[in-house]
Amino acid sequence: MAAQLRQLRQQIKTVKSTAKITRAQEMIATSRIVKAQQAVAASKPYADRITQALTALVSHRVGIDHPLLHEQPTDNRSAVLIITSDRGFCGAYNANVIREAESLITALREQGREPVPYVVGNKGITWYRFRGREVAETWHGFSDRPDFANAERIGRRLTEDFLKTDAEGGVGEIHVVYTEFVSMLTQKVQVRRLMPLEVTEGDGDGQVLPTYEFEPSAQAALDLLLPNYVESRIFHMLLQSAASFQASVRRAMKSATDNANDLLGVYTRQMNQARQAAITQEISEIVGGADALAESGGE
Amino acid sequence: MATLKVGLVSPEREIWSGEAKTVVAQTIEGSLGILPGHAPVLGVLLDGSVVTIEPADGGERVSAMVGSGFFSVAGDEVAILAEQAEMGEEIDVQHARQALEDAMAAGDDDATPERRARARLRAAGIEV
């Protein structure tokens with residue numbers, strides 16, 4: 001009886017300390033979500049302006065041309081950029097991304113294309129390595145707090161591969177699987193085609209855009225703008241994924257804390273019962289003993 | 001008097017925004033001064049140059065170092081987008097000097113690091 005009591009006390013102690021840790025992690029994640037959201041907001045002016053400039057450029061120069069805008073029908077390989085996190089403790093965050101990526105890969109295969117994964121984040125890298133699957137390139141070490149240089153590196157590599165032909169290991173199109181931060185409670189895995197770029201001509205509100213002069217030339221401006229645009233898109237996706245990751249951590253840690261607290265309730269009740277039982281037994285033993293003594297004394 | 005609405009942004013944040021009298025930027029082909037009423041232009045910035053903005057409220061001129069990027073002018077709105085951008089007053093001069101020395105010592109064919117380092121010092125108000 002006493003052994004059971006001791007064991008329950010030990011269990012309660014363990015669960016309590018686990019709850020403390022998960023609670024702390026939950027709070028850390030909560031504060032990081034705010035930071036990640038701020039990073040998303042801070043990157044918005046650049047993203048908006050570059051889109052504006054690109055729209056202006058494309059809708060005003062009929063006949064401008066750039067390889068990044070081209071479909072490459074001869075290239076049969078499709079790049080799939082999969083954005084996962086470096087750390088775990090985030091519930092189904094990475095599993096969801098990988099599941100979506102795998103179904104995209106299957107769909108691409110069915111279309112007769114050859115999908116090539118490019119993976120961001122340790123969790124995705126491990127997943128592919130464990131299964132012995134070939135990946136074209138991996139990046140890691142910045143999933144929590146991506147900066148633009150990271151996006152630039154990824155963008156450069158993807159653009160390079162896009163411009164190569166199949167025989168040189170190039171790809172004909174680029175898809176991205178990432179997690180969009182919709183709100184604190186909702187994050188959605190998204191699949192987007194990044195390249196060839198689709199630039200819609202003219203803007204929605206029917207506003208007449210001015211006719212631009214180009215310095216030094218339209219081609220030079222386009223050469224600079226398009227890769228920058230790609231990098232800014234990737235940066236946006238990295239930031240969105242980072243914010244989603246923190247939200248997933250928060251949710252996972254919250255439910256872990258809740259579970260620990262439930263468990264604590266159950267164990268406490270069991271312990272109280274055990275203690276009560278022990279006391280009752282002791283009393284009945286004393287009473288039994290006293291009775292026996294009284295009986296033997298009476299004789 | 002008409003003023004320019006200026007936004008100097010890097011991918012990570014907005015570096016400077018506000019009203020300005022003039023903006024001077026450097027393109028590959030030379031310096032370009034922008035006053036209110038300028039014709040719409042989309043220009044490529046010289047990687048490692050200085051953008052100077054004269055605020056409309058009569059404040060002191062602000063300088064910023066910019067890396068690869070471009071600027072667009074349309075209807076008195078000026079947007080300067082640079083992958084690397086730093087305000088002159090935020091630049092760590094000692095660090096920039098070190099970077100310049102390193103770049104010169106490296107002696108690469110690529111002059112970009114050296115030009116960027118020089119631009120950082122110039123933006124911080126130090127002639128080199």
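Okay, a definition to start: two strands count as paired if DSSP finds at least two bridges between them. Keep that in mind, and keep in mind too that what's on the screen is a predicted model.

So, first pair. β4 of chain B, residues 41-44, is joined to β7(B) by 4 bridges, and the two run antiparallel.

Which way do β4(B) and β6(A) run relative to each other, parallel or antiparallel? They run parallel, with 3 bridges joining them. At that pairing, A:Phe214 stands opposite B:Leu42.

That takes us to the chain A and chain B contact as a whole. Chain A puts in 25 residues and chain B puts in 24. On the chain A side, the elements giving two or more residues are α2 (44-60), β6 (213-215) and α6 (218-298). And for those of you who think in side chains, that chain A side has 17 nonpolar, 4 polar and 4 charged residues.

Next, the other part of chain B. Chain B is divided into domain 1, residues 4-87, and domain 2, residues 90-123. Their C-alpha centres lie 21 Å apart, and the contact between them takes 10 residues from each domain. On the domain 1 side, β5, β6 and β9 of chain B each give two or more residues, and β6(B) has the largest share, with 3 residues. By class, that side comes out at 4 nonpolar, 4 polar and 2 charged.

UniProt, in an unreviewed entry, places the feature "domain: ATP synthase F1 complex delta/epsilon subunit N-terminal" at residues 4-85 of chain B. In the model, that span is 0% helix and 66% strand, and its end C-alpha atoms lie 20 Å apart.

Let me zoom in on β6(B). How many of its residues are buried? It's 5 of 5. Both faces are covered, with B:Val62, B:Ala64 and B:Val66 on one side and B:Ser63 and B:Met65 on the other. β6(B) has strand partners too: 5 bridges join it to β5(B), antiparallel, and 3 bridges join it to β9(B), also antiparallel. B:Val66 shows up in both pairings: it's the bridge partner of B:Ser49, and it stands opposite B:Ala85 in β9(B). β5(B) and β6(B) form a hairpin with 6 residues between them, and B:Gly58 in that turn has a positive phi of about 80°.

What covers its buried residues? After the helix comes B:Gly125, with a positive phi near 90°.

Helix α1(A), residues 2-42, has 41 residues and reaches 60 Å end to end by C-alpha, close to the 60 Å expected. Its buried residues include A:Thr22, A:Ala29, A:Ile33, A:Ala36 and A:Ala39.

And last, A:Val135, in the loop between α4 (122-130) and β3 (137-139) of chain A. Why does A:Val135 count as partly exposed? Because it has 16 C-beta neighbours inside 10 Å, and buried would need 20 or more, while exposed would mean 12 or fewer. Leaving out residues up to four places away in sequence, A:Val135 touches A:Pro117, A:Tyr118, A:Val119 and A:Tyr128. A:Tyr118 is 17 residues away along the chain, yet the two C-alpha atoms are separated by 5.9 Å.

That's my tour, thanks.

How values were computed:
Residues are numbered from 1 along each chain as its sequence is written. Chains are lettered from A and ligands numbered from 1 in the order in which they are written. This is a predicted model: local features need pLDDT of at least 70, side-chain atom pairs count only at pLDDT 80 or more; totals for chains, interfaces and linings use all residues. Two residues are in contact if their C-beta atoms, placed from the backbone, lie within 7 Å. Ala, Val, Leu, Ile, Met, Phe, Trp, Tyr, Cys and Pro count as nonpolar, Asp, Glu, Lys and Arg as charged, and the others, Gly among them, as polar. Domain bounds come from an automatic or database domain assignment. UniProt positions are given in the numbering used here, feature names are shortened, and annotations may be inferred rather than shown by experiment. The expected span of a helix is 1.5 Å times one less than its number of residues.
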